[in-house]
Amino acid sequence: MQTLNILEQPLLDLTWVDLTVAVGLVLIAIGVSGWHRTGLARSFAVGALRTVVQLTLVGYLLVYIFAIDRWYLVVSALFLMLAIASKAAVDRQDSKPAGLFGITGAALLLGSGLTLIYVSVMVVHVDPWYNPRYLIPLFGMILGNAMNAAALAADRLKGEMETRRDEIEAYLALGATSVRAAREPVRRALRASMIPTVNSLMVVGIVSLPGMMTGQIIAGSDPLVAIRYQIVVMFMLGSAVALSAVIVVLGYRRTFFTVAEQLRAKDS
Amino acid sequence: MESRSDTASFELRGVGQVRAGRTVLQDVDVTIPRHLITVLVGPSGGGKTSLLRLLNRLDDPVQGDILFDGRPIVDYAVTDLRRQVALVFQTPVMFPGTVSDNLAVAAELAAGDDGRFDQQASEVMLLAELDPSLLERPGGELSVGQKQRVNLARALMTSPQVLLLDEPTSALDPETARALMKTIGSLSEVRRLTIIVATHRISETKEYAHHALVLRDGRVVESGDSERVLSGLPDPHATSP
């Protein structure tokens, strides 16, 4: 099978010994964190360990999925990724109101799902439609960015809704709908969630070289093909981020108001 | 439901309210007369703000009924009700932009752009006794007293029948406060508004009030003609923090 051929032809193999040497890099981060008492040293260590375990497991899982090559396995993998991303986005919030998981899940499903379908069907022409070699890495990138955007958007919206309580109630008291009253918090939450993507569009290739492109180039692809893929990736991230953020924000906004257009009390 | 809607603006029947786990209003049964100035007096924490919020439906009571013009308040579309029953908060809130932008928000909510904005804006500026030259000033640059008047003018842009004012003078020096109360007094005459003012500064309101309610610990302990109610009320008892 083609995919396995690629996996069997590493250019410069990275051994487990090489990875052990790489641990030194994490130790530097842990050292800096401990030195200034950021409280992150432990998190760095745990994070590094999780990186090793999670990526290794995913590696084996990908080998398995590529080898079995069944559409339902691929689709299941995509949904599993979606569920994990939704939970991760919600876990990052200081408060986790009931319903936020559902809102985030719906946002990521629609934002990432529609983007993946668009890219795989209309741009890359993936064949067969479920080809895991394309769908899984593409969805991983889409989802990672959409998840960050959704988490940022939800966090910012909550913050804005709290700091602008007086302003929101002043709008409501004049007869504004909750949609009108929350326009500024919504605008700010969307901006906050989309700015990182806009920034990355601005500096890509100059300040940053994206992981996928560098990966392809190191793995021996024609740089011009790698770059075309990267351009598609950058565009699809824009769509995934914008769609996911806007769905999260609009869905989450509703939870701050009662049906009688009243701002809910902070403690409820 | 029997009501005294011919003279009453609001009727409250057995109203109780809880906020943040605390009972803030209990068994409130009162009638608020139309076209008059009613003052709500009593110590801070007595329930004045909570009561005003109910009338604008920023909150709903946990108990009892509220009638507006003889109809249950919940029967009105809430955004329509709020345009008819304007609430001006204790701390003025300025929307982004100029004074004119602030008035435009209210105009847009009231009617959409009906082409009469300039005329309406100068009218409410006049009513709130604000210099029309302030229209183009950014809201953030105004003094607290001016902001309070802009909030008043903004509330008037929706042509309300009722004006609810929560401690409108609390952030003002005595002279500015007296001037604002005078403005409020003339508003009631010029526009025939029903005005409800929550205050703990009785002396400022005495001159303009027609009707008074005394709220203490969430209960109405006295209500009626303001002269009678307020004269029997030693000022210190109402002005405690």
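This passage describes the interface between chain A and chain B, and then a sheet of chain B, in a predicted model.

The contact draws 24 residues from chain B and 16 residues from chain A. Between them the two chains bury about 1700 Å², of which 60% lies on carbon and sulfur atoms. On the side of chain B, the residues that lose the most area to chain A are B:Arg82, B:Phe95 and B:Leu109, which together account for 28% of what that side buries.

Two salt bridges are found across the interface of chain B and chain A; A:Arg180 forms a salt bridge with B:Glu108, in which the closest N and O atoms are 3.5 Å apart. Eight residue pairs are in polar contact between chain B and chain A, counting pairs with both residues at pLDDT 80 or more. Helix H2 (78–84), strand S6 (85–88), helix H3 (99–111) and helix H5 (144–156) of chain B each supply at least two residues of the side that touches chain A, and the residues of that side divide into 13 nonpolar, three polar and eight charged.

In chain B, six strands form an open sheet of mixed pairing, in the order S6-S7-S8-S3-S9-S10. S6 and strand S10 (219–225) of chain B stand at the edges with a single partner strand each, so one side of each is left without a neighbour in the sheet. From one strand to the next, the twist averages 15°. S6(B) pairs with strand S7 (residues 162–166) of chain B in the parallel sense over four bridges, and B:Ala86 has B:Leu163 in S7(B) as its bridge partner. Helix H6 (residues 174–191) of chain B packs on the sheet, where it touches strand S3 (37–41), S7 and strand S8 (194–198) of chain B, and its direction makes about 160° with that of S8(B).

Key: Residues are numbered from 1 along each chain as its sequence is written. Chains are lettered from A and ligands numbered from 1 in the order in which they are written. This is a predicted model: local features need pLDDT of at least 70, side-chain atom pairs count only at pLDDT 80 or more; totals for chains, interfaces and linings use all residues. Side-chain values use heavy atoms; hydrogens and water are left out. Contact means heavy atoms within 4.5 Å. Buried area is the accessible area (1.4 Å probe) that two parts lose on being put together, summed over both. A salt bridge is a side-chain nitrogen of Lys or Arg within 4 Å of a carboxyl oxygen of Asp or Glu. A polar contact is a pair of N or O atoms within 3.5 Å; within protein, one must be able to donate a hydrogen and the other to accept it, and residues adjacent in sequence count only if both atoms are side-chain atoms. Ala, Val, Leu, Ile, Met, Phe, Trp, Tyr, Cys and Pro count as nonpolar, Asp, Glu, Lys and Arg as charged, and the others, Gly among them, as polar. Two strands pair if DSSP finds at least two bridges between them. Axes are lines fitted to C-alpha atoms, for helices over the stretch in contact, and angles run from 0 to 180 degrees between N-to-C directions.
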